[in-house]
Amino acid sequence: MPRTSTVECPGCPPIRALTFDVLGLVKVVESRGKQGIPKVIERWGEPDSSRCVLAASINDRKDDPLLAVARKNGLIEVLNPLNGDALVTITKGGDGGLHVPEDDPIAGLHLLKKGRLESSSRLFTLLTCTKKGNASLKSIGITNSLSGSLCTSPKTWSISAVGEIFCSAVDGSENHALFGGKGVEINVWDLDKSSKIWTARSPPKNSLDIFTPTWFTAATFLDKEDHRKIVAGTNNHQVRLYDISAQRRPIISFNFRESPIKAVTEDLDGYTIYLGTGSGDLASIDMRTGKLLGCFVGKCSGSIRSIARHPELPVIASCGLDGYLRFWDVKTRQLLSAVFLKQQLTNVVIDSNFIGEGIHGSGI
């Protein structure tokens with residue numbers, strides 16, 4: 001008999017996470033109490049593969065929080081993350097004016113926190129980017145009436161005429177965004193001017209005189225308050241650190257395991273990142289030196305597709321194609337708890353304003 005080891009799960013602090021899957025379902029997972037067990041308390045939507053969630057973004061402000069979801073069929077829905085009520089639905093070329101052809105799906109979606117709360121409408125700004133590199137920045141107001149939403153003319157521009165966009169991110173000031181993908185070098189844009197301010201340069205050939213094709217699969221700003229430092233993961237399992245104020249080529253570059261980097265998320269300290277691979281490896285790395293701090297205990301059996309860092313608690317959430325939502329302690333890198341959600345998961349976001357008190361029922 002093979003030797004096996006049991007990973008004990010001590011439970012989670014109060015936390016609320018929303019997951020998204022390939023059948024278009026949104027599931028709300030909550031943990032209550034000091035060492036609670038996360039449970040599915042709500043499920044929004046009906047199974048439909050054409051409504052597969054490609055990207056999700058949350059603005060979890062205390063007043064009127066918003067959740068944006070981009071689907072495979074081209075729809076972008078803005079929901080209330082507290083109860084799942086649909087507030088705005090942006091159709092192909094319809095409300096919001098975002099034309100999303102079926103052969104050009106959404107690759108990046110960011111719900112910006114810029115906006116103001118008015119008596120008659122709630123204004124929010126939505127940044128989208130399609131796989132073919134068509135970007136759009138648009139302000140939309142949600143009216144109190146049932147008539148729908150108020151939309152302004154969007155800013156649109158092309159990220160790249162060639163290649164495919166696979167990853168994007170917005171800095172903390174929401175003035176800059178980065179994009180990258182297959183055949184598309186990492187580039188940084190000024191959102192106010194819709195102008196490109198920096199583009200990475202491909203690394204030189206290796207010792208065997210072999211050039212590695214450009215294929216970025218995940219990227220983020222190392223520090224949300226500093227748009228100059230960027231961490232990117234590639235399809236050939238490389239991790240690169242760029243400093244746009246220093247040079248166009250990476251200042252640090254190293255390989256991690258043998259699988260593509262599928263998810264990268266920054267820590268609050270401004271120098272640590274968490275990355276997940278296509279083979280289920282999850283690790284934390286100090287990007288000041290490129291040193292591996294350690295791998296998280298408890299092997300994931302499928303590709304990791306999304307990692308979310310709690311803005312206050314020392315907890316990250318990860319999900320992927322094995323159908324599990326896992327919560328981890330970032331200090332000890334131990335598994336706190338895992339929830340099996342049946343479907344292959346594409347994204348996870350955390351509601352930072354959740355305060356778990358008492359006992360809540362469960363369902364799936």
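This is a predicted model: local features need pLDDT of at least 70, side-chain atom pairs count only at pLDDT 80 or more; totals for chains, interfaces and linings use all residues.
Two strands are counted as paired if DSSP finds at least two bridges between them.

**The whole chain**

Display the entire protein as a cartoon. The protein contains 29 strands and 0 helices. Of its 364 residues, 54% are buried.

Strands of a sheet pair through backbone hydrogen bonds, in either a parallel or an antiparallel sense. The pairings of this sheet can be followed one at a time.

- Begin with strand 2 and strand 3, which run antiparallel and are joined by 5 bridges. Within this pair, Glu30 stands opposite Lys39 in strand 3.
- Continue to strand 1 and strand 2, an antiparallel pair with 6 bridges. Here Ala17 is placed opposite Val29 in strand 2.
- Finish with strand 1 (residues 15-21) and strand 29, which pair in the antiparallel sense over 5 bridges. Thr19 faces Val348 in strand 29.

Next, centre the view on the turn between strand 1 and strand 2. These two strands form a hairpin with 4 residues between them. Gly24, in the turn, has a positive phi of about 80°.

**Strand 2 in detail**

Show the side chains of residues 26-31, which make up strand 2. In a regular strand the side chains alternate between the two faces of the sheet. In strand 2, Val26, Val28 and Glu30 point one way, whereas Lys27, Val29 and Ser31 point the other way. Are these residues buried or exposed? All are buried, and the strand is accordingly described as mostly covered, with 6 of its 6 residues buried.

**Asp60**

Move to the loop between strand 4 (53-59) and strand 5 (66-71), where Asp60 is located. Asp60 is buried yet has no salt bridge. Which side chain of opposite charge is nearest to Asp60? It is that of Lys113, at 4.3 Å; a salt bridge would require a side-chain nitrogen of Lys or Arg within 4 Å of a carboxyl oxygen of Asp or Glu.

The side chains of Asp60 and Ser352 make a polar contact at 2.5 Å. To complete the surroundings, leave aside the neighbours of Asp60 within four places in sequence; Asp60 is then in contact with Pro65, Lys113, Ile350, Asp351, Ser352 and Asn353.

**Asp190**

The last stop is Asp190, in strand 15 (residues 184-190). Asp190 is buried and has no salt bridge, and the nearest side chain of opposite charge, that of Lys193, is 4.8 Å away.

What does the side chain of Asp190 reach at 2.9 Å? Select Asp192: the side chain of Asp190 reaches the backbone nitrogen of this residue. Then select Lys193, whose backbone nitrogen lies 3.3 Å from a polar atom of the Asp190 side chain.

Notes
Residues are numbered from 1 along each chain as its sequence is written. Side-chain values use heavy atoms; hydrogens and water are left out. Buried means under 20% relative accessible area, exposed over 50%, partly exposed in between (1.4 Å probe, protein chains only). Lys and Arg count as positive and Asp and Glu as negative; His and the chain ends are not counted. A polar contact is a pair of N or O atoms within 3.5 Å; within protein, one must be able to donate a hydrogen and the other to accept it, and residues adjacent in sequence count only if both atoms are side-chain atoms. Contact means heavy atoms within 4.5 Å.
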